[in-house]
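Open the structure in your viewer and keep the selection tool at hand. The stops below say what to select next and what is there.

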Amino acid sequence: MAANNPVFGNECGLPLNAVAWLEMHHRCKAAEREQMVRDLQLKAGSLVVDAGCGPGLWVPLLAQAIGPQGRIIGVDISVEALVTARRRSAGTWYAPQVEYKLAPLEQLPLAHGTVDAIFSANVSQYLPEPVKTFKTLGQYLAPGGRLIVKDIDFGTLRFHTIDPGLQARVFQARERWERIRVEHGYPFEDSWVGSKLAGYLREAGYEEIEEKTYLIQRRYPLPSDYRTYLQGIAEWFVCEGAPGLSSEDLTAWLQCFFDEEYNVFDQETFLYEETEYVVSGVWPGRYTSHEAEAQVAVLNESERRLLSLEEVRS
Ligand SMILES: C[S@@+](CC[C@H](N)C(=O)[O-])C[C@H]1O[C@@H](n2cnc3c(N)ncnc32)[C@H](O)[C@@H]1O
């Protein structure tokens, strides 16, 4: 266990972003993720951007939803993730529909006003200015296009067989740490973002906001992948030195997940749950206030010219 180092990081320094970790996470929640994409009811033939696509795990689900006439552009800042995504799709049925590009969410390699839907899963937790980024993404959407953001919210995480007091102290310590870790040189993270997304989209100017929640529950006996996933999460909660947590709580917490003789996974009463959020909003495609002012100035100018023409003629 490396409780002092960011766990499962990618080359951009983001924890829980290593390709193998993302693949395992995807396998663990495959059923819920398939349901999430079905529920989106994406239109056949749509142009969809998978913003922060990572190793391309959602792409086959999106491709199935939009059919053979649809197109997907996967965008990410991680070269490693994009190389893996390209390899994953090579030779598959959906390969002709997919392209992967290296770009940040804030600068998509596409013209403004052209995209039917932007889908972004498990990325908003790394955005220091989510409202600003969502607003920027809106410009790439065709009027009436949709931004769909899926993310976790660790405020909903519960292990029913772990002392609630210990859980509360661990979670509170992590939440406090996430608010200040940027000041200590770590990248921004908000693992409590899910329940905030609807508000962020509203503030960014989206309309017809819809929030869907997905309760994920797993009981004893846990598949081995899921055990590894939860061990990683447990470790991540107390990584970077577990600031704000006592050494007794740190030891007790890690024992719950790693003790060879007595850990939570081997208890027949084991029950874990968390709720994930899928929030979508429609981009109205109206002018921003800045663009509106510029447009009014143009209209005023043409009005002034018309009036002066009338004066000349009269
Ligand atoms: C947790 S992974 C999720 C990957 C994938 N969407 C999934 O759910 O499997 C987050 C991904 O977002 C990418 N990412 C983070 N911030 C980004 C940004 N500003 N622009 C583009 N990609 C970003 C990371 O490189 C990483 O691949």
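This is a predicted model: local features need pLDDT of at least 70, side-chain atom pairs count only at pLDDT 80 or more; totals for chains, interfaces and linings use all residues.

**The partner of E129**

The side chains of E129 and K132 meet in a salt bridge, with 3.8 Å from N to O. K132 has a relative accessibility of 53%, and since the exposed class starts over 50%, K132 counts as exposed. Side chains of opposite charge can pair when their charged atoms come close.

**A second salt bridge**

Next select R174 and E189. These two residues also form a salt bridge, and their closest N and O atoms are 2.8 Å apart. In total, the structure holds 18 salt bridges.

**The ligand**

Now select the ligand, which sits in the largest pocket. Show the residues around the ligand: there are 20 of them, and the closest are G52, W58, D76, A121 and N122. By type, this shell divides into 12 nonpolar, six polar and two charged residues.

**Polar atoms at the ligand**

- Select W58: a polar atom of its side chain lies 2.9 Å from an oxygen atom of the ligand.
- Select L105: here a polar backbone atom is 3.0 Å from a nitrogen atom of the ligand.
- Select N122: an N or O atom in its side chain is 2.8 Å from an oxygen atom of the ligand.

On its own, the ligand has 600 Å² of accessible area, and the protein covers 96% of that.

Technical notes
Residues are numbered from 1 along each chain as its sequence is written. Side-chain values use heavy atoms; hydrogens and water are left out. A residue is near a molecule or strand if one of its heavy atoms lies within 4 Å of it. A polar contact is a pair of N or O atoms within 3.5 Å; within protein, one must be able to donate a hydrogen and the other to accept it, and residues adjacent in sequence count only if both atoms are side-chain atoms. Accessible areas come from the Shrake-Rupley method with a 1.4 Å probe; for residues, only the protein chains shown count as cover. On a 1 Å grid over the protein atoms alone, a cavity is a set of points where a 1.4 Å probe fits but cannot get out, and a pocket is an open set with protein on both sides within 12 Å along at least five of seven lines; lining residues have an atom within 4 Å of a point. A molecule sits in a cavity or pocket if more than half of its atoms lie within 2 Å of its grid points. Ala, Val, Leu, Ile, Met, Phe, Trp, Tyr, Cys and Pro count as nonpolar, Asp, Glu, Lys and Arg as charged, and the others, Gly among them, as polar. A salt bridge is a side-chain nitrogen of Lys or Arg within 4 Å of a carboxyl oxygen of Asp or Glu. Buried means under 20% relative accessible area, exposed over 50%, partly exposed in between (1.4 Å probe, protein chains only).
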